[in-house]
Amino acid sequence: MGSTLTVDNIVGATTAANVKLPAGSILQTITSVSHGAAITSASTSLVGTGQTAIITPKYNNSIIMLYLSTSFTSLDNNAAGGTGMKFFKSVAGGSYSVVTSMASSAQTLGFLEYNSNGSSYNHSVGTMMVSDSPATTSAITYQLYFARLGSSNSASIQRDWGGAHFHLMEISQ
């Protein structure tokens, strides 16, 4: 014979914030989906795409997992080129800075979509995933930045297929 415990709400002894789930628990998820027009740039420097998702962490020591699935396209002018992509964040409405886990100088261009054969257009659909340790309980806006690479004339995000799907998960520590 088993036992059953049924509750509607668990509240901490002093405040609701005192209820702490085990490390690795998903505390919240945020989803932002865009099916708008392609976002295109000819810049060789990373620029904001407008693809954003906002989360307010419940705890100062949480990890935020960022997932983005979208299409990437570059017009390569029949030469080698592609698209570089990197996540940036704005805390409490401040200026954007690169997400900590992507700040290494070895990752200058972040994730890459690249074609060395120069076939006019490169079309890719991909998912990027990184983690961030923001050390704050203030609202954080995450945004994808991108740049054209090599001999590309331009780079585009969410072009041709399915839009962009941006997901954030807060994970307890």
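**View 1. A buried salt bridge between aspartate 132 and lysine 89.** Aspartate 132 and lysine 89 are both buried in this predicted model. Their side chains meet in a salt bridge, at 3.0 Å from N to O. Aspartate 132 sits in strand β8 and lysine 89 in strand β5, so the pair ties together parts of the chain 43 residues apart in sequence. If you go looking for another bridge of this kind, the count for the structure is one salt bridge.

View 2. Why does lysine 89 count as buried? Its relative accessible area is 9%, and the cut-off for buried is under 20%. The side chain of lysine 89 also makes a polar contact with the side chain of aspartate 132, at 3.0 Å. Leaving out neighbours within four places in sequence, the residues in contact with lysine 89 include Ser95, Tyr96, Ser97, Val98, Val99 and Thr100. Also among them are Asp132, Pro134, Ile140, Thr141 and Tyr142.

View 3. By the ring-pairing rule, the count comes to three aromatic pairs. Tyrosine 96 and tyrosine 145 form a tilted aromatic pair, with 5.9 Å from centre to centre and 55° between the planes. The pair links distant parts of the chain: tyrosine 96 belongs to the loop between β5 and β6, tyrosine 145 to strand β9, and the two are 49 residues apart. Which of these tyrosines is buried, and which is partly exposed? Tyrosine 145 is buried, with a relative accessible area of 13%, whereas tyrosine 96 is partly exposed at 31%.

**View 4. The largest nonpolar core.** This core has 22 residues. Which of them touch the most other members? They are Leu66, Phe87, Tyr142, Phe166 and Leu168. Across the protein chain's 173 residues, 39% count as buried.

**View 5. Lysine 58 in its loop.** Here is another lysine, this one in the loop between β3 and β4. Is lysine 58 buried or partly exposed? Lysine 58 is partly exposed, with a relative accessible area of 48%. Setting aside residues up to four places away in sequence, lysine 58 touches Leu27, Gln28, Thr137 and Glu170. Take glutamate 170 from that list: its C-alpha is 8.1 Å from that of lysine 58, though the two residues are 112 apart in sequence.

**View 6. Two alanines with positive phi.** What do alanine 92 and alanine 135 have to show? Phi of alanine 92 is near 55°, a positive value in a residue other than glycine. For alanine 135, phi is likewise near 55° and positive. For background, most residues other than glycine have a negative phi. Alanine 92 lies in the loop between β5 and β6, while alanine 135 lies in the loop between β8 and β9. Alanine 92 counts as exposed at 57% relative accessibility, and alanine 135 is exposed too, with a relative accessible area of 51%.

**View 7. Stepping back to the whole chain.** How many helices and strands does the chain have? The count is zero helices and eleven strands. Among contacts in the chain with a separation of 6 or more, 84% are between residues 24 or more positions apart. As for confidence, the chain averages a pLDDT of 83, and 79% of the residues score at least 70. Confidence is highest in strand β11 (residues 164-171), at a mean of 94, and lowest in strand β7 (residues 111-115), at 68.

Conventions: Residues numbered from 1 in each chain as written. Predicted model: local features only at pLDDT ≥ 70, side-chain atom pairs only at ≥ 80, totals over all residues. Heavy atoms only, no water. pLDDT = per-residue confidence, 0-100. Helix = DSSP H or I, 4+ residues; strand = E, 2+ residues; numbered from the N terminus. Core = buried A, V, L, I, M, F, W, Y, C linked by side-chain atoms within 4.5 Å. Buried < 20%, exposed > 50% of the residue type's maximum accessible area, 1.4 Å probe, protein only. Phe/Tyr/Trp six-rings, centres within 6.5 Å; stacked < 30°, edge-to-face > 60°. Contact = heavy atoms within 4.5 Å. Salt bridge = Lys/Arg side-chain N within 4 Å of Asp/Glu carboxyl O. Polar contact = N/O pair within 3.5 Å; in protein donor to acceptor, adjacent residues only side chain to side chain.
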